Amino acid sequence: NEKAGKLLAESAKILQETIKNHPEHFNTRRAYPRVLRAYSKLKSNTGDFDGAIKDIEESVNLTNELVKQKPDDYSLKRTVWLNDSYVCEVFVAKRDGSKIIETCQKTLDFNQKALEKEPDESFALYDLAISHYNLAQGYRLTNQPQLSVEFAQKALAPLAKLNKISPGIND
């Protein structure tokens, strides 16, 4: 983990410098939030929740700025979902039920809209299941068992559909 942390910190530094010198390079500005998200995940895995939240919030803000520049870019919109979902997962790891509920609510909309356009989109089905599952954990931690069960059941529906589309994908 220490070696990975050093590599991610160095990658972030290089990307920051490149962005400073070449702000017109969109793909570099797109890569930096991804590195921050990976660094955040590493920090969360080692118990540095405050550092993880700081990095992921910066990633969220930078990605939201990119979406303003390219509002029709599906990949960027999915990155926003990934960031929001990861904020939620940090709070899951921290076992902060109230924050899980607050942050995970935001993750439902993107995938529901994606499924309205493409009902068999496997990434959206899987991501929606994760969002529901994380909310179930939040409700369980805040002693709301009925809502916990309701969202756990909601997590199963997209997984069942995904399994019909791609048997074995849930392994």
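**Salt bridges in a predicted model**

Author: Lys99 is partly exposed, at 31% relative accessibility; buried means under 20% relative accessible area, exposed over 50%, and partly exposed in between (1.4 Å probe, protein chains only). This is a predicted model, where local features need pLDDT of at least 70, side-chain atom pairs count only at pLDDT 80 or more, and totals for chains, interfaces and linings use all residues. Residues are numbered from 1 along each chain as its sequence is written, and side-chain values use heavy atoms, with hydrogens and water left out.

Reader: Which side chain does Lys99 meet in a salt bridge?

Author: That of Glu102, at 3.8 Å, N to O. A salt bridge here is a side-chain nitrogen of Lys or Arg within 4 Å of a carboxyl oxygen of Asp or Glu.

Reader: Where do Lys99 and Glu102 sit?

Author: In helix 5 (residues 97–104), three residues apart, or about one helical turn. Helices are DSSP runs of H or I with at least four residues, numbered from the N terminus. Glu102 is partly exposed too, at 49%.

Reader: How many salt bridges by this rule?

Author: Nine. Among them is Arg78 with Asp127, at 2.8 Å, N to O.

Reader: What does the pair Arg78 and Asp127 tie together?

Author: Arg78 lies in helix 4 (residues 74–94) and Asp127 in helix 7 (residues 122–141), so the pair ties together parts 49 residues apart in sequence.

Reader: Is Arg78 buried or exposed?

Author: Buried, with a relative accessible area of 18%. Asp127 is buried as well, at 2%.

Reader: New topic: what does Lys68 pair with?

Author: Glu65, in a salt bridge of 3.2 Å, N to O. Both lie in helix 3 (residues 49–69). Lys68 is exposed at 62%, and Glu65 is partly exposed at 41%.

How values were computed. Helices (H or I, at least four residues) and strands (E, at least two) are DSSP runs, numbered from the N terminus.
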